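Student: Please take one part of this model and look at it closely, starting from the surroundings of a single side chain. I would then like to see how that part connects with the rest of the chain.

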Amino acid sequence: DGCCSGFLPWLQRKAGTEISSLLSIGRSRDGRGLYASGRIEEGDVLFAVPFGVQLSSENLPSEISRLLGDDVDRVAKLALLVLLEKRLGQNSEWAPYLSCLPRPDDLHSTVFWSDAELEMIRSSGLYDETLKSKSLIAENFSAVKPVLDAFPDRFPGVTLREFAYATGLVNSRAWNSYRGISLIPFADFVNHSSNSDSYLLCDETKQHSEAIADGNFAPGDEVRIRYGKKLSNADLLLDFGFTTADNRFDSVRIKLVLPQHDQLSSQKSHLLRIHSTERTDTGAHWNTFVVKEVKRGCREGKGIPQSLRAFARIVACSSAAELGEFVAAANRTDGRLARRPVGKTNEVRSHRFLATEIDKLIGEVDKQIRDISICHGGAGLGRRKLALDVLSGEVRVLKSAVSWLNSYCS
């Protein structure tokens, strides 16, 4: 890759050692990638990047670090360092690396989409997650603003847009480990594959980050690793700005509400709340669930969470006595409400309710897919495809759930 002709010699000088004898930088359909320079055997060390050439918030000058409070998260701190070094231009010791990083127009995370483009994914949980991420970027910018104002010579005229760009670089390229997060030159050129069993490791003894080959590669083969566990297309698009075809880890976040005409709605709502725990780690509540693909032939319906089926069983109750049966069953076991059926009639009614509600979602997403496929003003072909990949995967997941639910009821 001619754009990085000065990068590799710089990296080797800075590291004082060879980063990789097996890989070279090239171009793939996804942009830059790493390719086998020769024969690679399973178990070979693909690359090893010393800790000393990795960019982390520890590289921030002490006078800047001292001004950063606890309300500034680690992503924001590293983004601040990227801004600082980029402002130095060729005077930065990291200039050969920074010059290889994507430009603003090359970042396709949904946080950089226009309002019109975001309308393409309104029916997806990715829409709300994107708004949360954009809000967090704005909060972080406010938190670092005193530092920007205190050092106008180092951060002249930094805008929210520039800070968002630096944050996007960190979110899409930084690696997370027990050491925190860091930008790792060369390692961040390797592309993702959900089918790979290779991932980045930190070796404290050898003081470097490395990746091990999970198979054999011939010269010229692209070598990929896994960025994280079970990343859906919505995860990939939000954090990294890309999707993969037929992602087996696609999932759908759905939110259900009690029917307003239900005379027992207040009693049901009370029971669901006191027997459920709000999951603050994901921001999800007692009536929000994540559905995954139900494999054909699966007898247990794995992929449809038990908490969702429990919710439906309570919704399907037609009397206070029936609710009492579920409460009594919960008190006799582990306290979790409606995790087991108490009668065939309620069981069929509850699962038909789920099938109906999920069918409605399928209709909404299908309509959005048709609208995007025909035309969507203001959205380029690339981002339209990204939106279609997310929505198509979600429809596949929802249809697998409905198919299982109908089969279960029959």
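Tutor: Leaving aside its neighbours within four places in sequence, Phe47 is in contact (heavy atoms within 4.5 Å) with Ile19, Ser20, Leu23, Leu34, Phe186, Ala187, Leu200, Ser209, Glu210 and Ala211. The model is predicted, and local features need a pLDDT of at least 70, side-chain atom pairs count only at pLDDT 80 or more, and totals for chains, interfaces and linings use all residues. Residues are numbered from 1 along each chain as its sequence is written, and side-chain values use heavy atoms, with hydrogens and water left out.

Phe47 also belongs to the largest nonpolar core, which has 84 residues, and is listed with Phe7, Leu23, Ile40, Ile64, Phe155 and Phe186 as having the most contacts inside it. Such a core is a set of buried Ala, Val, Leu, Ile, Met, Phe, Trp, Tyr and Cys residues joined through side-chain atoms within 4.5 Å, where buried means under 20% relative accessible area, exposed over 50% and partly exposed in between (1.4 Å probe, protein chains only). Helix 3 (residues 74-88) gives the most to this core, with nine residues; helices (H or I, at least four residues) and strands (E, at least two) are DSSP runs, numbered from the N terminus. Apart from this core lies another, of 36 residues, among them Phe289, Ile304, Phe311 and Ile362.

Turning to the strands, an open sheet of four has the order 1-2-9-6 with mixed pairing, two strands counting as paired if DSSP finds at least two bridges between them. Its edges are strand 1 (23-28) and strand 6 (191-192), each of which pairs on one side only. Strand 1 pairs with strand 2 (residues 31-36) in the antiparallel sense over six bridges, and the bridge partner of Ser24 in strand 2 is Tyr35.

As for annotation, an unreviewed UniProt entry lists residues 31-228 as "domain: SET", and such annotations, given in the numbering used here with shortened feature names, may be inferred rather than shown by experiment. Over residues 31-228 the chain is 34% helix and 17% strand, with the end C-alpha atoms 20 Å apart.

Helix 9 (residues 265-274) has Lys268, Ser269, Leu271 and Leu272 as its buried residues. They lie on the same side of helix 9, because they cover an arc of only 165° around the axis, taken from the directions from the helix axis to the C-beta atoms. The face turned away from that side carries the exposed Ser266 and Ile274, while the cover over the buried residues includes helix 10 (306-315) and helix 11 (320-332).
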